[in-house]
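These are my notebook entries on a single structure. I record below what I looked up, entry by entry.

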Amino acid sequence: MKVKELVEALNLKVLSGESGLDRDIDGCYVSDLLSDVMGNAEMGNIWVTLQVHKNVMAIASLKELACVILVKGQTAADETLEQSNEEGIPFLSTPMETYETAGKIYELGIRN
């Protein structure tokens, strides 16, 4: 599945990184602990989180993630979104809670 297909399926808001909407999704990782994501997320994963500071983009880039989904209607700082645009890693937003978001991703057949 491509990120753009995920956006459509879950009615996600694209905050930035539109050039990366054709990225392939190869699993999902859900965590709000940055060191956990650094140690365990895999390249091509979706990252579901409520963290919004600039280090989220640094980790997404380091791990070559497919996209970041911010839950609870969160958005990131302007500098984070600018970096997302530069690197082509989409930042997406949903009003859903983390649990519901993860469940819907699982229903789409996206698993590690």
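Which residues does Leu6 touch, not counting residues up to four places away in sequence? I found Met1, Leu12, Ile25, Ile46, Cys67, Ile69, Ile105, Leu108 and Ile110. Contact here means heavy atoms within 4.5 Å.

Entry on the source. I note that this is a predicted model, in which local features need pLDDT of at least 70 and side-chain atom pairs count only at pLDDT 80 or more, while totals for chains, interfaces and linings use all residues. Residues are numbered from 1 along each chain as its sequence is written, and side-chain values use heavy atoms, with hydrogens and water left out.

Entry on Leu6. I located Leu6 in helix α1, residues 3-10. Helices (H or I, at least four residues) and strands (E, at least two) are DSSP runs, numbered from the N terminus. Leu6 has a relative accessible area of 0%, so I recorded it as buried. The cut-offs are under 20% relative accessible area for buried, over 50% for exposed, and in between for partly exposed, with a 1.4 Å probe and protein chains only. I also looked up the C-alpha separation of Leu6 and Thr94, which is 12 Å across 88 residues of chain.

Entry on Cys28. Cys28 belongs to strand β2, residues 28-30. Its relative accessible area is 17%, and therefore Cys28 is buried. From C-alpha to C-alpha, Cys28 and Leu6 are 12 Å apart in space and 22 residues apart in sequence. Residues up to four places away in sequence aside, Cys28 touches Asn45, Ile46, Val48, Ile105, Ile110 and Asn112.

Entry on Ser93. Is Ser93 buried or exposed? I found a relative accessible area of 7%, so Ser93 is buried. Ser93 lies in strand β5, residues 91-93. Its side chain reaches the backbone oxygen of Gln74 at 2.9 Å. Apart from neighbours within four places in sequence, Ser93 is in contact with Leu12, Lys13, Leu15, Leu70, Gly73 and Gln74.

Entry on backbone angles. Most residues other than glycine have a negative phi. I therefore looked up two residues with positive values.
- Asn11 has a phi near 55 degrees and sits in the loop between α1 and β1 (13-16); at 66% relative accessibility, Asn11 is exposed.
- Lys72 has a phi of about 60 degrees and sits in the loop between β4 (67-70) and α4; at 43% relative accessibility, Lys72 is partly exposed.

Entry on helices α3 and α4. At what angle do helix α3 and helix α4 pack? I found about 20 degrees between α3 (residues 54-62) and α4 (residues 78-87), with their axes 8 Å apart. That angle makes α3 roughly parallel to α4, a term for angles under 35 degrees. Axes are lines fitted to C-alpha atoms, for helices over the stretch in contact, and angles run from 0 to 180 degrees between N-to-C directions. Lys54, Met57 and Ser61 in α3 meet Glu79, Thr80, Gln83, Ser84 and Glu87 in α4.

Entry on Leu81. Leu81 is placed in helix α4. At 12% relative accessibility, Leu81 is buried. The C-alpha atoms of Leu81 and Ala9 are separated by 23 Å, and the two residues are 72 residues apart along the chain. Excluding neighbours within four places in sequence, I found Leu81 in contact with Leu15, Ser16, Thr75, Ala76 and Phe91.

Definitions and conventions
Parallel < 35°, antiparallel > 145°, perpendicular 65-115°, else oblique. Polar contact = N/O pair within 3.5 Å; in protein donor to acceptor, adjacent residues only side chain to side chain.
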